[in-house]
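Biologist: I would like to learn how to read a few features of a model. Please give the general idea before each case.

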Amino acid sequence: MTRLPLFLAASALLAGCATTPAPTTLTTFTNNSGNPRAPEQMAVSFEKVDLALRVDPATQSIAGDAALTFRTTAPLARIAVELDRNLPVSFASVDGVTLAPTAISNEDGRLYLTLPSPLAAGVDTTVRIRYSGVPHVAKRAPWDGAFMWSKTEDGQPWISTTVEGEGCDLFWPCIDHPQGKPKLMDTHITVPSPLVAAGNGIAMGMDEKDGWRTYHWRAKNPSTYGIALNIGPYEMLSGEYDSAFGNKIPMRMWYLKGHDKQAAGLFSEFTPMLTFFEDRIGPYPFGDEKMGVVETPHLGMEHQTINAYGNGYTKAPSGYDWLLHHELSHEWFGNQMTNADWDDMWLHEGFGSYMQPLYLEWLRGDLAYHGALFDQRKRIMNKVPVVSGKSKVIEDVYNDDRGGPANDIYVKGSLILHTLRNLIGDDAFFRATRRLVYGTETPKPGNFQPRYATTKEFIAIVNEITGRDLNWFFDAYLYHAALPELVATRAGDKLQLSWKLKDGGAFPMPLEVRVGNRIERLSMADGKGEITVPAKVLYTIDPHSRVLRHEPQFEEWQLDEKERAKKKKSKAS
């Protein structure tokens, strides 16, 4: 998903177990995706990757041959990319000129290649890097990134990668930063016959020789962590979606033998989900490639056009597969619109998480919509702000033990968007969302490109579309940890309401109050409001749950759950 919320860990389905030796040790640098880019990386445009990768399940090793094409935007004396140093480089060249070993340096995971001679701005150059080794192994994919060397139930190799947290450099040389996307990537994945390698983008054919198969794939503007390996004895379902925008979208699903019926059931969900997203947000961003899903030995991850699915085809009372839906959401919120910095990760996960209640609102009605929101509300922690305003590596966002907002980027992000939607209305909310995702409010196939976005940009878009200064809203919800508190007092038949922010400041959030059978809306223009409530008449503040606010019962429940879990663990030990 991008990284699935940690509270979903218990749902992970591991159909096989890794048998590889102890994982290789990663440097601190490699273990953190999103380190500041080197000056050399800022001085190039990443034009193309041509990656040949041989994956050997018998030795649980890989061998890569990568050709990386850059266009210089400033004079350049060396190339800088990221590659795990546990994958030693055996050969490197620049435009066909072999580099001496002294021109190759990789101390901590940033690989430097000194050019034979400096390049001027505006020049294309292609570096070739050959490397091999035993790649890092995930202990708990997808919550930590790396390889999974698993087995299917009948003992066949089943291999996958998840590299969001640690980065693309765990198996190919890349610019391991959200803004490090290449414009084009060809991958040639070689595996033992008769295994299948399901890849990103468009299938460009398969070659078979000497007991090995090579699958060829081509993807445009792939997210750095969105490139993935998915290898197994797969079978495939295929179909085509007739988009309301006039194009036809290939639909593909790779699944394990014996799961035919379950896979067909999941495949039937592709069409209504695409219909929802295209209606609510806009065109499927990769319609000229495919909507792809592949069954994996880990729970899931939003790999571009080849989303990983390991939910075990679990049935739910809502009648839809939440994992499939969440991962699909990231084709819009993550792959089409990518956060410019990991500090803006809530733009991926908050929007992706809010799409699920919205889908249920359309699919099942208000009960399912509010039920999904309530389940998210229970899990908001409010320990630190959702956005810090400072550049971060990804683990500093996802891990609360490193001071990150962690799961709040999902659940709190979703409730913030729910509150914003109710504040500004559906028209403005979805116009702003489309502008954020596509850069235009009228997206059509062919008139947009993948883009980078920031929290500040989204705030500016909302302000422009609404014609209002809503900085107070975003400041309170995104840049402060504590939720706004509503103070209610009675004086005779008058109910007085006032907003209170922990750090002070204005918060003119309108409120609805139901008195008896009548609902009144208070503007709360100065953060305060008053309404007449006769004695012995029932009243409800915010009866339709439109506003995210501090409510102590949630904290009390969380504390109780924590204490009960602690006692249960103590008894078990």
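Biologist: Which residues lie nearest the centre of the largest pocket?

Modeller: Some conventions come with the answer. This is a predicted model, where local features need pLDDT of at least 70 and side-chain atom pairs count only at pLDDT 80 or more, while totals for chains, interfaces and linings use all residues. Residues are numbered from 1 along each chain as its sequence is written, and side-chain values use heavy atoms, with hydrogens and water left out.

Modeller: Rolling a probe the size of a water molecule over the atoms shows where empty space is left. A pocket is an open set of points on a 1 Å grid over the protein atoms alone where a 1.4 Å probe fits, with protein on both sides within 12 Å along at least five of seven lines; lining residues have an atom within 4 Å of a point. Here 20 residues line the largest pocket, and Arg379, Met381, Lys383, Asp400 and Asn407 lie nearest its centre. Its volume, the space filled by probe spheres set on the points, is about 630 Å³.

Biologist: Which helix gives the most to the lining of the largest pocket?

Modeller: Helix 12 (residues 552-572), with six residues. Helices (H or I, at least four residues) and strands (E, at least two) are DSSP runs, numbered from the N terminus. By type, the lining holds eight nonpolar, four polar and eight charged residues; Asp, Glu, Lys and Arg count as charged.

Biologist: What is the strand order in the open sheet of five strands?

Modeller: Strands of a sheet pair through backbone hydrogen bonds, either parallel or antiparallel. Two strands count as paired if DSSP finds at least two bridges between them. In this sheet the order is 16-17-18-20-19, with mixed pairing. Strand 16 (234-242) and strand 19 (300-301) are the edges, each pairing on one side only. Nine bridges join strand 16 to strand 17 (residues 248-256) in the antiparallel sense, and Tyr241 has Ile249 in strand 17 as its bridge partner.

Biologist: Why is strand 3 largely enclosed by the rest of the structure?

Modeller: Buried means under 20% relative accessible area, with a 1.4 Å probe and protein chains only. Strand 3 (residues 76-82) is largely enclosed because five of its seven residues are buried. Strand 3 also pairs antiparallel with strand 7 (residues 110-119) over six bridges, where Ile79 stands opposite Leu113.

Biologist: Which residues form the covered face of strand 8?

Modeller: Thr125, Val127, Ile129, Tyr131 and Gly133. Strand 2 (residues 61-72) pairs antiparallel with strand 8 over ten bridges, and Phe70 has Thr125 as its bridge partner.

Terms used: Buried < 20%, exposed > 50% of the residue type's maximum accessible area, 1.4 Å probe, protein only.
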